[in-house]
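Open the model in your viewer and keep the selection panel at hand. The stops below go from one chain to the next and then to the place where they touch.

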Amino acid sequence: MKNIRLAILNIKKNIKNEKELKSSFLISIIGMCLNNISFLILWYYFGKTIGKINGWEPYDIFGLYGISTTSYGIVMGFFAGMFKIPDYISSGNFDKYLLTPKNILLKVSTSKIQVSAFGDLIFGIVCFIIFAICNKLSIAQYLISILLIICSGIILYSFGLVCMSISFYLMDGYNISNGLYGMFIGKSTYHGGAFTGVLRIIFIFVMPSLLLGAVPVEIVKTLSVNSFIMIVGLTIVWLIVSVVFFYKSLRKYESNNLFGFGG
Amino acid sequence: MNIIEVSNLKKEYKYKVKDKERGFLYNLLNEDTKSLSAVNDISFSIKKGETVAFIGPNGAGKSTTIKMLTGILYPTKGTIKVCGLTPIVDRDKLAYKIGTVFGQRSQLLPNLPLTESMEMFGAMYDMDKNAITERTKELVDLFELSSFIDQPIRKLSLGQRMRAEIAVSLFHKPEIIFLDEPTIGLDVVSKKNLRDLLRRINEEQGVTIFLTSHDTEDIESICDRCIIINKGNIIIDLPTKKLINEYVKSKKISINPINELKKYPDLTDGLTYLVKEKNHVEIKVENSIISTKDAMQILIEKFDIDDINIENESLESIIRGIYEKS
């Protein structure tokens, strides 16, 4: 409980810290909303031109963006510190999280916020509302959607944690960690109808990009119990695997002395 | 009572080496490793309330030792007890008993005033709101922070920021504080203020100080004991005063003559000019060749002295001599 209280306080202080730079704070949020809108328009008109693809209607793209960017906004907004692990390792700044009490992973995760992610969060909620109106969602579908957004957020966090923890093993793991994570996140907003057969299996069970938005949209529409159980099960597995991997990797940490090389 | 006990501590780092005679693919698939001994079988203990300088040239093993003492790094061999705890096993418990200040790494929120960081630290150490307010007031008074307490951290001078960093690291009333280069980059006034402050928290609150620094003024004015490490081995462990007395090999005599000097008298073996000016000369006395008393007698005969001053060799040159020898 004390750990959670501290994490909440950390987040509050970080938001306050970023809000001090008001113009940069607002520009980041608005900029991200505009960026997302451009992608959404692109995919929407793509869907409208091509028509239904593997059961996906053009407006389902709103659901995809609604769920994936909402969970992305929550994770990157409040737990962005976790994505800084490679930086902390290479600069030796990880030391300070080992020198203070309370849960290391929570402290590191809540050590930074990413302001632009609040733009994703706002955009995601608006998209989801549009999707809900278009599909005339029932209350049960709303509740399932909330659970699926939580699962999507946990999977996003967990896969990110595995990617970032690789940096404990490599001298300069920043590029590998972020490259792998970029590959994962990039596929999460692709049109859900594009993934069939082996590709679908890979992007659900190996690199779970489809669990961030595409599979949840299908579950909300079809109310498939099996798919829902599968996604909850995979969420739990990913969370356990990522936390265990992080603490195992932490033993490899060899503190660095801060020093800059080149540009 | 010992607050730190270290015995046979060793830390080895492994690094990869390439076989230059083989190609890229071979080296990619077959990696040889070499090991480097950063800390080599060292033992020492520190009593509660001591002020200890842990010094050595770059790469001597100072930071590695501090990082093992604070639970950041796993030792390869040996045992460490800090406040009765094994750092790497009891990292969380130990955090309540130690404070750390690592050179230019900040623990503070850059865009907010210091009180916000203090509130966060208080919460981290399970302090309630009243305790946080009370401790903030105590530290603001002790460290004279009131003049900049409302300013965002990024707007503080380096000297003010270092004071703030140390104040925050003492927020939970640690028994021992580890300081790695605390005065690096500070101006002379800020350095002196910081040293006085560290001395005060040791004397008034009994906080044990474990410090590394390349600034010998830090060592002389804060630390009663010096542990010198080089190439991973402890080469000297002595009280600072004893170190100066035992390792002083020369003295410097400064002379102001009554009349301007037209020529500089020749000196005997063991005496050499350091400074030659018309109104001022400085002479180095090699005590292995000539005693200070004999040197004084010779110089009194050779100069019409208006004023004379004898100084010990500086701690910096003593330490430099020790590094070079080892």
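Helices (H or I, at least four residues) and strands (E, at least two) are DSSP runs, numbered from the N terminus. Along the sequence, the pattern reads α-α-α-α-α-α-α-α-α-α-α-α. The radius of gyration of chain A is 19 Å, close to the 18 Å that the globule rule gives for 263 residues, so chain A is as compact as a globular protein of that length. That radius is taken over C-alpha atoms, and the globule rule is 2.2 Å times the number of residues to the power 0.38.

This is a predicted model: local features need pLDDT of at least 70, side-chain atom pairs count only at pLDDT 80 or more, and totals for chains, interfaces and linings use all residues. Residues are numbered from 1 along each chain as its sequence is written, while chains are lettered from A and ligands numbered from 1 in the order in which they are written.

Stay on chain A and show its C-alpha atoms, which fill a box of roughly 55 × 40 × 40 Å along the principal axes. Of the 263 residues in chain A, 43% are buried (20 or more other C-beta atoms within 10 Å of a residue's own, with C-beta atoms placed from the backbone). Among the contacts in chain A with a separation of 6 or more, 81% join residues 24 or more positions apart. Two residues are in contact if their C-beta atoms, placed from the backbone, lie within 7 Å.

Next, select residues 2–245 of chain B as domain 1 and 249–325 as domain 2; such bounds come from an automatic or database domain assignment. The domain centres, taken over C-alpha atoms, are 39 Å apart. Where they meet, 11 residues of domain 1 of chain B contact eight residues of domain 2 of chain B. On the domain 1 side, α8 (216–222), β8 (225–230), β9 (233–239) and α9 (240–247) of chain B each supply at least two residues. The largest share of that side, three residues, comes from α8(B).

Notes:
Buried ≥ 20, exposed ≤ 12 C-beta atoms within 10 Å, placed from the backbone.
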